[in-house]
Amino acid sequence: MSDPRLRVLLSIPREAETRDPRWPAVEAELGLRLPGSYKALVEQFGASSWQDFLHVLSPFDGRMELRQVGSTTLEADRAVRREFPWHYPLPLYPEPGGMLPWAVSDNGDTLYFITAGPPDEWPSVIKGARAPEFEVCFLPPALLVHHFAAGRLRSAILPRSGQAA
């Protein structure tokens, strides 16, 4: 059965306009602007789960809160990086151009923004939970989530899920 939210995801452009007045405070706290597609995804669905497996973090939700889950994830990443630096070929936020978590999976995989360049052009890194493997994806967040939820995301890390929309 297809997720009825898939069509909405397709309608979210890369440089989406957002309406929630809380974004400037979140971005000021983070010290960076977030991609429009991500903000529109969060405004539309909140901290959302896709195929009961991939969970988009939101700065406005206590369960899957962007800053809290992101901070915990980055803390663990830094500890692993100290022991295995080759597992992290990219810097970690708040380092310049650092990886900032924006979604997690039930397997412990993490999706990060690479915070270099204009936010609406940030690629995502999909990093496996227990190995140094990672993939770079250039889809905007809403489209990446759409492809995952529709079972169309080609990834060696995230499992193929769902059925075609």
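Reader: How many salt bridges does the structure hold?

Author: The structure holds six. A salt bridge is a side-chain nitrogen of Lys or Arg within 4 Å of a carboxyl oxygen of Asp or Glu. This is a predicted model, where local features need pLDDT of at least 70, side-chain atom pairs count only at pLDDT 80 or more, and totals for chains, interfaces and linings use all residues. Residues are numbered from 1 along each chain as its sequence is written, and side-chain values use heavy atoms, with hydrogens and water left out.

Reader: Which residue pairs with Glu-27?

Author: Lys-39 does, with the closest N and O atoms 2.9 Å apart. The pair links distant parts of the chain, twelve residues apart: Glu-27 is in helix H2 (residues 23-30) and Lys-39 in helix H3. Helices here are DSSP runs of H or I with at least four residues, strands are runs of E with at least two, and both are numbered from the N terminus.

Reader: Is Glu-27 buried or exposed?

Author: Glu-27 counts as buried, at 12% relative accessibility. Lys-39 is buried too, at 10%. Buried means under 20% relative accessible area, exposed over 50%, and partly exposed in between (1.4 Å probe, protein chains only).

Reader: Which residues does the salt-bridge network join?

Author: Arg-67 bridges to Glu-29 at 3.0 Å, N to O. Those two sit 38 residues apart, Arg-67 in helix H4 and Glu-29 in helix H2. Glu-65 also bridges to Arg-67, at 2.7 Å. Shared partners join Glu-29, Glu-65 and Arg-67 into one network.

Reader: New topic. What is the volume of the second largest pocket?

Author: About 180 Å³. A volume is the space filled by probe spheres set on grid points, which are joined across faces, edges and corners. On a 1 Å grid over the protein atoms alone, a pocket is an open set of points where a 1.4 Å probe fits, with protein on both sides within 12 Å along at least five of seven lines; lining residues have an atom within 4 Å of a point.

Reader: Which helix gives the most to its lining?

Author: Helix H3 (residues 36-45), with three residues. Among the lining residues are Ala-40, Glu-43 and Gln-44.

Reader: And how much space lies in the largest pocket?

Author: About 240 Å³. The largest pocket is lined by 17 residues, with Asp-77, Tyr-88, Gly-108, Lys-127 and Ala-129 nearest its centre. H4 gives the largest share of that lining, four residues.
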